[in-house]
Amino acid sequence: MSLAIEGARKHFRARRGAAVVALDGVDLDAKAGELLVIVGPSGSGKSTLLRAIAGLEPLDAGRVVIDDRDVTALPPGRRDVALVFQEAALFPHLGVAANIGIGERARGERRRDIEARVREVARVLDIEPLLTRMPNELSGGERQRVALARAMIRSPRVCLLDEPLASVDTELRLRMRGEIRAVQRSLGVPMVHVTHDQVEAMAMGDRVAVMARGRVLQCDTPAQVYARPATTAVARIFGPLPMNLLPVVDGVVTGVRPERVRLGQEPGGRAASVVVVEPAGEECLVRVLLDGTETELLARLPWTAAPHAGERVTVGWGAEDEHRFDAATGERR
Ligand SMILES: Nc1ncnc2c1ncn2[C@@H]1O[C@H](COP(=O)(O)OP(=O)(O)OP(=O)(O)O)[C@@H](O)[C@H]1O
């Protein structure tokens, strides 16, 4: 099983104002069992891309290919694609078990087989106790898991997730990440997962595609995108925190990740003063202003090393922690 998007273009014409280019020539692919994560700022075209794969949004140009078959002209119902949205839409008049099995029933499968499959997928997603409830008796996170179960039970050819864990609490989110991966591996389908959560993108993705303004800026393993972002835009978008970018010197922008910035009193560093310190659990985020400039840098430090606001410090980092980008094009040098 495989998924490919080739040269996808889509624009929207708002009732007033200029046309919006939502997809500007997107090429992506995902293999069987592969989880491709899409990250990007709000409005970068992530949801439009998923909707186009599902057949809910016709493309202006380009193709969607599933299992080597061009499905671009097929309606959603004939693509065999499961899409789980941020806001799970369940049938309000049906119980949870019926909601999960509704697709199987429509396909005329045997009642006993459906019940067994519903129980199995409910067990995996930890919603067995909810099977007899009605949708209005569920929390947002529970509804989300029911929608996920409904998508998983169908053994679709492609699985698309649009922030399915957005309304789930941290502990459950951690567990569900693993569960989604396990279910997906057992289904062996390509999965495309849109998230704003960078940690989730790093933890779950076999590969990550970084989007901005309807384009894919880079697509590679999370480790590679983190270690060698292709452009300054990727360096700002992908990672636990945006990369610090220093002012241009000789046509070069130097970037340093906040987690690599060191503060101290050592000679050789750049003099700066601490603007603000924000606690972040065991760590803290420290914003410093470099002397004689308007450049602020962010540093992530252990809480035990937290300075005070207003303190004078020196700022340093290892030469191996520097990223260099072309100032004119933004591309990695
Ligand atoms: N039906 C529509 N009519 C007009 N413009 C639209 C429509 N749907 C999306 N857009 C525009 O297309 C662009 C891409 O939207 P899309 O929803 O794909 O972004 P996104 O990356 O999913 O954003 P978010 O992270 O906020 O969900 C945005 O500029 C958006 O305003």
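Colleague: What share of the chain counts as buried?
Modeller: Of its 333 residues, 37% are buried, where buried takes 20 or more other C-beta atoms within 10 Å of the residue's own, exposed takes 12 or fewer, partly exposed is in between, and C-beta atoms are placed from the backbone. This is a predicted model, in which local features need pLDDT of at least 70 and side-chain atom pairs count only at pLDDT 80 or more, while totals for chains, interfaces and linings use all residues. Numbering runs from 1 along each chain as its sequence is written.

Colleague: What are the confidence scores?
Modeller: ipTM is 0.97 and pTM is 0.88. Mean pLDDT for the chain is 91, with 99% of residues at 70 or more; pLDDT is the predictor's confidence in each residue, from 0 to 100.

Colleague: How many helices and strands?
Modeller: Eight helices and 18 strands. Both are DSSP runs numbered from the N terminus, helices being H or I with at least four residues and strands E with at least two.

Colleague: And what box do the C-alpha atoms fill?
Modeller: Roughly 75 × 45 × 40 Å, along the principal axes.

Colleague: Which domains are assigned?
Modeller: Domain 1 covers 2-232 and domain 2 covers 261-317; the bounds come from an automatic or database domain assignment. Their centres, taken over C-alpha atoms, are separated by 40 Å.

Colleague: Now the ligand. Which residues are around it?
Modeller: F12, A14, V20, A22, G40, S42, G43, S44, G45, K46, S47 and T48. A residue gets in if its C-beta atom, placed from the backbone, lies within 6 Å of the molecule. The elements giving two or more residues to that shell are β2 (19-31) and α1 (46-54).

Colleague: Which element gives the most?
Modeller: α1, with three residues.

Colleague: How does the shell split by class?
Modeller: Four residues are nonpolar, seven polar and one charged. Nonpolar here means Ala, Val, Leu, Ile, Met, Phe, Trp, Tyr, Cys and Pro, charged means Asp, Glu, Lys and Arg, and the others, Gly among them, are polar.

Colleague: β2 came up there. Which sheet is it in?
Modeller: An open sheet of four strands, ordered β2-β1-β4-β5, with antiparallel pairing. Strands pair if DSSP finds at least two bridges between them. β2 and β5 (69-70) are at the edges with a single partner strand each, so one side of each has no neighbour in the sheet.

Colleague: How many bridges join β1 and β4?
Modeller: Five, in the antiparallel sense, between β1 (residues 2-13) and β4 (residues 61-66). L3 stands opposite I66 in β4.

Colleague: Switching to β17. Which of its residues are on the covered face?
Modeller: In β17 (residues 312-316), V313 and V315 are on the covered face, while R312, T314 and G316 are on the uncovered one. In general, side chains in a regular strand alternate between the two faces of the sheet.

Colleague: What does β17 pair with?
Modeller: β13 (residues 262-264) pairs with β17 over three bridges, antiparallel. β14 (residues 270-280) also pairs with β17 in the antiparallel sense, over four bridges. V315 in β17 has L263 opposite, and R270 stands opposite V315 too.

Colleague: Last one: is A106 buried or exposed, and why?
Modeller: A106 is exposed, because 8 other C-beta atoms lie within 10 Å. A106 is found in helix α2 (residues 96-106).
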